[in-house]
Amino acid sequence: MNGRIVVEELTKTFKKGNVRAVKNVSFQVEEGEFFAFLGPNGAGKSTTVQILTTLINATSGKVEVAGHDVIRQPEQVRQYIGVALQETGVDPDLTGREMVELQAYIFGFNKEEGKKRAQTLLEIVKLTEAAERRIGSYSGGMRRRLDLALTLVNEPKILFLDEPTTGLDPSSRMAIWEELRRLNKENGTTIFLTTQYLEEADSLADRIGIINKGEMVAMGSPKELKAQIGHDLITITLKEMGRVEEAAGVLRKQVADIDVISRNDQILIYVEEGTKQLLEVIRIFDNDDIGITDIQLSSPTLDDIFLKLTSEPMEGVKTHGE
Ligand SMILES: Nc1ncnc2c1ncn2[C@@H]1O[C@H](COP(=O)(O)OP(=O)(O)O)[C@@H](O)[C@H]1O
Ligand SMILES: [Mg+2]
């Protein structure tokens with residue numbers, strides 16, 4: 001049970017500005033699971049991570065991490081977890097090796113063991129060549145890899161990572177992904193990762209919780225989430241951008257139980273049987289003289305789920321391509 005997370009009706013209100021950052025959120029993460037907490041900037045991800053890792057207190061609700069209550073038994077919780085926060089306070093004047101060794105001593109390693117552990121971890125995160133350089137001279141990717149090494153010092157059962165790849169170049173991001181997958185598969189480490197990147201959650205996680213404005217809006221495996229919104233997606237691009245709303249309205253009126261969303265110059269239609277309804281849609285538009293330049297039939301992506309759940313493109317949710 002030491003790799004498990006249980007969150008029940010968690011709420012956090014910051015007195016400053018009376019911000020309700022987390023609203024009545026409940027979920028569980030099983031031992032050995034790779035869980036992604038996905039949401040845009042300001043959604044409440046970091047606040048949740050800080051509560052789960054005993055750094056701040058919840059306003060209400062119950063949180064158990066590694067079998068211990070985060071409020072009543074924070075020391076026990078800390079024994080089992082590793083935490084890489086969004087804002088890290090490392091001393092830029094230390095070298096990478098000194099920093100990892102220092103972390104090992106903090107966790108009770110003696111001098112010899114600490115040096116050995118630091119060497120092993122620097123190899124794992126591929127920082128041996130840069131180990132003797134000052135941290136202040138490290139690139140963003142190197143800093144994140146160093147953060148990861150620091151969190152692994154005590155061989156945590158549960159690893160919390162708050163946006164570990166935000167702002168990284170693709171090769172650094174891949175290196176982190178590879179290491180997280182390995183830790184999860186080979187060591188059975190439970191991973192709680194927050195991200196703004198849809199494809200990161202899709203590619204890494206067993207299960208995804210989607211948080212928006214402090215509320216959990218969806219939860220499930222990537223496959224389950226995609227299935228929630230129908231099997232097929234019809235995307236139609238119109239000749240005249242200005243008629244998108246009108247066209248969506250026509251469909252809503254003429255087809256029962258149709259799920260239509262307009263986005264820029266496109267209309268998105270979620271359906272069970274794409275090919276069948278495709279023909280109906282074309283016929284309706286033809287009757288109403290609504291010109292079409294492109295039609296595509298596809299399976300929904302996580303991006304489409306955001307749209308569906310929030311009825312608006314999730315502001316701030318990025319893809320790495322942007
Ligand atoms: N210490 C704080 N005091 C007041 N408001 C805060 C504090 N920390 C976060 N917030 C607010 O809580 C909300 C959630 O923030 P955060 O958990 O950092 O979101 P995320 O990590 O998903 O970007 C935001 O509106 C943010 O401005
Ligand atoms: Mg954050």
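Predicted model: local features only at pLDDT ≥ 70, side-chain atom pairs only at ≥ 80, totals over all residues.
Let me begin with one helix: Glu179 and Arg182 both lie in helix H6, which covers residues 170-186. These two residues are 3 residues apart, about one turn of the helix.

How exposed are the two partners? Glu179 counts as buried because its relative accessibility is 8%. Arg182 has a relative accessible area of 27%, and is therefore partly exposed. As a general point, side chains of opposite charge can pair when their charged atoms come close.

Let us now turn to the other salt bridges. How many does the structure hold? The count is 14 salt bridges. Glu33 has a relative accessibility of 11%, so Glu33 counts as buried.

Another salt bridge is formed by Arg72 with Asp69, where the closest N and O atoms are 3.4 Å apart. Is each partner buried or exposed? Arg72 counts as exposed because its relative accessibility is 66%, and the cut-off for that class is over 50%. Asp69, with a relative accessible area of 9%, falls under the 20% limit and is therefore buried.

The largest nonpolar core has 43 residues, and Val100 and Leu180 have the most contacts inside it. Helix H5, residues 140-151, gives the largest share of this core, with 5 residues. Which residues does Val100 touch? Leaving aside residues up to four places away in sequence, Val100 is in contact with Ala118, Leu121, Leu122, Leu146, Ala149, Leu150 and Val153. There is also a second, separate core of 24 residues, and among its members are Ile5, Val22, Val29 and Ala43.

Next, the division of the chain. The domain assignment of the protein chain gives domain 1 as 5-220 and domain 2 as 230-299. The centres of domain 1 and domain 2, taken over C-alpha atoms, are separated by 42 Å.

In what order do its strands lie? An open sheet is formed by 4 strands in the order E12-E13-E11-E14, and the pairing is antiparallel. At the edges are strand E12 (259-263) and strand E14 (292-298), each of which pairs on one side only. On average, neighbouring strands of this sheet are turned by 20° against each other, direction ignored.

Within the sheet, E12 and strand E13, residues 266-271, run antiparallel and are joined by 5 bridges. Arg263 stands opposite Gln266 in E13. Helix H10, residues 274-287, packs on the sheet and touches strand E11 (232-238), E13 and E14. The direction of helix H10 makes about 25° with that of E11.

That brings me to the end of the presentation, and I thank you for your attention.

Technical notes: Residues numbered from 1 in each chain as written. Chains lettered and ligands numbered in written order. Heavy atoms only, no water. Pairing = 2+ DSSP bridges. Axes fitted to C-alpha atoms, helices over the stretch in contact; angles between N-to-C directions. Contact = heavy atoms within 4.5 Å. Domains from an automatic or database assignment. Salt bridge = Lys/Arg side-chain N within 4 Å of Asp/Glu carboxyl O. Buried < 20%, exposed > 50% of the residue type's maximum accessible area, 1.4 Å probe, protein only. Core = buried A, V, L, I, M, F, W, Y, C linked by side-chain atoms within 4.5 Å.
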